[in-house]
Protein chains: 4
Amino acid sequence: MAATTSPESWADFYADRGFAGRTGFGDHPALLVIDMGRAWTDPASPIGTDYGDMIDRIATVLEHARRAKVPIFYTTMQFPPTKADVEGVYCQKYTNLPKIKGEQWSRIADRIAPSDDDTVVWKHRPSALYGTTLLSQLNELRVDTVLITGVSTSGCVRSTAEDSFNAGLRTVVIRDCVGDRSPAAHEANMIDIDNRYADVVDRSVVEEYLNRLRR
Amino acid sequence: MAATTSPESWADFYADRGFAGRTGFGDHPALLVIDMGRAWTDPASPIGTDYGDMIDRIATVLEHARRAKVPIFYTTMQFPPTKADVEGVYCQKYTNLPKIKGEQWSRIADRIAPSDDDTVVWKHRPSALYGTTLLSQLNELRVDTVLITGVSTSGCVRSTAEDSFNAGLRTVVIRDCVGDRSPAAHEANMIDIDNRYADVVDRSVVEEYLNRLRR
Amino acid sequence: MAATTSPESWADFYADRGFAGRTGFGDHPALLVIDMGRAWTDPASPIGTDYGDMIDRIATVLEHARRAKVPIFYTTMQFPPTKADVEGVYCQKYTNLPKIKGEQWSRIADRIAPSDDDTVVWKHRPSALYGTTLLSQLNELRVDTVLITGVSTSGCVRSTAEDSFNAGLRTVVIRDCVGDRSPAAHEANMIDIDNRYADVVDRSVVEEYLNRLRR
Amino acid sequence: MAATTSPESWADFYADRGFAGRTGFGDHPALLVIDMGRAWTDPASPIGTDYGDMIDRIATVLEHARRAKVPIFYTTMQFPPTKADVEGVYCQKYTNLPKIKGEQWSRIADRIAPSDDDTVVWKHRPSALYGTTLLSQLNELRVDTVLITGVSTSGCVRSTAEDSFNAGLRTVVIRDCVGDRSPAAHEANMIDIDNRYADVVDRSVVEEYLNRLRR
């Protein structure tokens, strides 16, 4: 790969043209945990991957968020998809979805299971804000900052970051709390996310921010 | 970059998990020309790039589409952005947008200027279907297939492909008629687009499809 | 009520100004059954009403639709509402919603229970197209005409008709298959619906249309 | 009209079932002026009406809002409509729209013309939040309360109130600053709006609220 097409030059090239500005933190964050259901996190699933220690890191962020009384939203998807989605373009593109059936695949990984105070959003497309009322709920709670964890960087994480940004919310992707089944896809999409939609921020910085909110 | 993280393995890895199915062509296409305004296509613009022969190739597709009486939609953006966008996250992330002012930057490149029969959609976010009535218009014309050309692969092209797919429409990105200011960004995003949202198809195949519709 | 403010003059006044045009039937209808869950149709519910014979009439339309292999979508709502909806404006306006809990209130009335081939859409706002992927599903099935039954005329029926129309779909409200807990609210909203969003059509006309599709 | 179907009993009937709760004022309002373009406010327009002193009352609210530094958004529509809207259901229902052409019809009434600090939103459907980025802009400014003036109560005012409420924002319709070409349509829709989507509030109360924000 030539220097002009390396990831580094790609990020720099965009930054030189005024992309990749910082949108920062506001006063009222919400934490999103995207698609940490078994369909994605269990290697036995046809679309699943072993995310190693990432679940432990998300658990740490969740603890900080709970102590700061920050609202927490989990997303997962409905299996099987609707009849229309099976017959239409959705399952023509994602051909394995009709094979996944039942609550055992949509259920969030045990280690980071939602508490009764959290909200689980059933979504049907990559973005957590497409075809859901998540944005309405964020507005009802006067959330101004969306903190994103989960999978996949190249799909639901990126799409959710984009729609959150599009809606006028400060959007933060926590660096080592998002992942992808392909490391190359992860790396490439993190550049675009940081250039275009969200601040990619270290977990330690987010945890300090959450600690400050407790005071 | 290790073999397991090369673009090739990334595409294969996803295909092995049932992504990258084909959604194909329907009977009633529309052609989209995304953001071929001077802000993006004139190297003198702070966010502009020289796209070389790509404009000529888009002109060829436009000819085929006009002969087949296919509806054509151009998108461009309003400069300067709204007051809220300037004060909010939008221009915190895209810091050069407030500097671009006036119709000379939003105007479509002369070589492929819209005709009176075409529709120009003023959009305010990357996706041509976000915050516009483009989807309503496609439905009014009973369009079932969206053919995408223009820029940037890593931004407005990808976002438009995703929202078109999300809305249940067959979505096709014409391979050498979309581009990006960064070749690395182009290459990476074409993989995700083909895996997740649209069929990436050669221009010759699309032109044959348009020719068949004339009969 | 003076003649100039009677429902008749209101409809005429609008028609004279070019409203209330006919949008007609297309070739690919879907049938919507809006909010015929027990929360609305059981007088024991805090927001429920006895709709008398209306359920029987909807059952008749359903039979015609099933014979014509027309896709059928039911909507209902989730009880209790989400935590954000309870804390926010949603349940400040609809104060009884938090009191309704459990599947016994969201379940569709037995007489017109969905079959396995039908789709049940869980919605969270009046319009069946707001915060759901119903529009995506209609597009995936290439639906061009939406036939609406259910309750309430002044709420979810009207809102669904408006959003279906906004999305570019031919929209038909079946006259004696929609209802409201207030007859005055029903009567007034049927005028606006016919003026602005949907053709209000007799059930016999819709059933003939469905019969024609079987051939 | 029997007592059980009078407007009074309709409002009471709903209130008895827990509708019509108050959502109140927040801390960061925006003022919306809906469709006060000449197409609607000039009796010479095919869809126009003389709204008498209402424009003067809106001018008074505008003065209060400007003194309180509250962001102000005007909406108007594009004439002629797009080609797709003319060919599709939109202009099949609103048959006079294709006859209205040019900026003389979309321009806001002189008496309440926007200032350079205000934002004009070009919309294409009744709701000011459908197919626009108005919601994104309200979020960017952290608006929590939407104050609505303009026309028509049975169309764009009601639809905008509904979508603002749906999005989780406190929504207020200012009683004598909204109007309709039909007094009966106005009266009926004000009941539904107050029951379902927004607090209908006297102008004096809103002006006192805006005065308080100046301190």
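In this predicted model, the axes of helix H3 (residues 54-67) and helix H10 (residues 203-214) of chain D come within 8 Å and cross at roughly 15°. Because angles under 35 degrees count as roughly parallel, H3(D) is roughly parallel to H10(D). The crossing of these two helices, H3(D) and H10(D), is left-handed.

On the side of H3(D), the contact is made by Arg57(D), Val61(D), His64(D), Ala65(D) and Arg67(D). H10(D) contributes Arg203(D), Val206(D), Glu207(D), Leu210(D), Asn211(D) and Arg214(D). By class, the residues of this contact between H3(D) and H10(D) divide into 4 nonpolar, 2 polar and 5 charged.

## The sheet of chain C

Strands of a sheet pair through backbone hydrogen bonds, either parallel or antiparallel. Which of these senses, parallel or antiparallel, is found in the sheet of chain C? The pairing is parallel: 6 strands form an open sheet in the order S3-S2-S1-S4-S5-S6. At the edges stand strand S3 (119-123) and strand S6 (199-201) of chain C, each of which pairs on one side only. From one strand to the next, the twist averages 25°.

One pairing may be followed in detail. Strand S1 (residues 29-34) of chain C and strand S2 (residues 72-77) of chain C are joined in the parallel sense over 4 bridges. In this part of the chain, Ile34(C) stands opposite Thr75(C) in S2(C).

Helices also pack on this sheet. Helix H3 (residues 54-67) of chain C touches S1, S2, strand S4 (145-151) and strand S5 (170-179) of chain C. The direction of H3(C) makes about 140° with that of S5(C). Helix H9 (residues 183-196) of chain C packs on the sheet as well, touching S5 and S6 of chain C. The direction of H9(C) makes about 125° with that of S6(C).

## How the chains meet

Two copies of a chain are related by a rotation about an axis and a shift along it. For chain C and chain B, a rotation of 180° with 0.0 Å of shift along its axis superposes chain C on chain B, with an RMSD of 0.0 Å. This is therefore the relation of a two-fold axis. The same surface serves both copies, since 100% of the contact residues of chain C recur in chain B.

Chain B is likewise superposed on chain A by a rotation of 180° with 0.0 Å of shift along its axis, again with an RMSD of 0.0 Å. Which residue of chain B comes closest to the rotation axis? That residue is Ala188(B), whose C-alpha lies at 3.2 Å. Here too the same surface serves both copies: 100% of the contact residues of chain B recur in chain A.

The two contacts are set out below.

Note on methods: Residues are numbered from 1 along each chain as its sequence is written. Chains are lettered from A and ligands numbered from 1 in the order in which they are written. This is a predicted model: local features need pLDDT of at least 70, side-chain atom pairs count only at pLDDT 80 or more; totals for chains, interfaces and linings use all residues. Copies are superposed by least squares on the C-alpha atoms of residues with pLDDT of at least 70 in both. Two residues are in contact if their C-beta atoms, placed from the backbone, lie within 7 Å. Two strands pair if DSSP finds at least two bridges between them. Axes are lines fitted to C-alpha atoms, for helices over the stretch in contact, and angles run from 0 to 180 degrees between N-to-C directions. Angles under 35 degrees count as roughly parallel, over 145 as roughly antiparallel, 65 to 115 as roughly perpendicular and the rest as oblique. A crossing is left-handed if the near helix is turned anticlockwise from the far one by less than a right angle, and right-handed if clockwise. Ala, Val, Leu, Ile, Met, Phe, Trp, Tyr, Cys and Pro count as nonpolar, Asp, Glu, Lys and Arg as charged, and the others, Gly among them, as polar.
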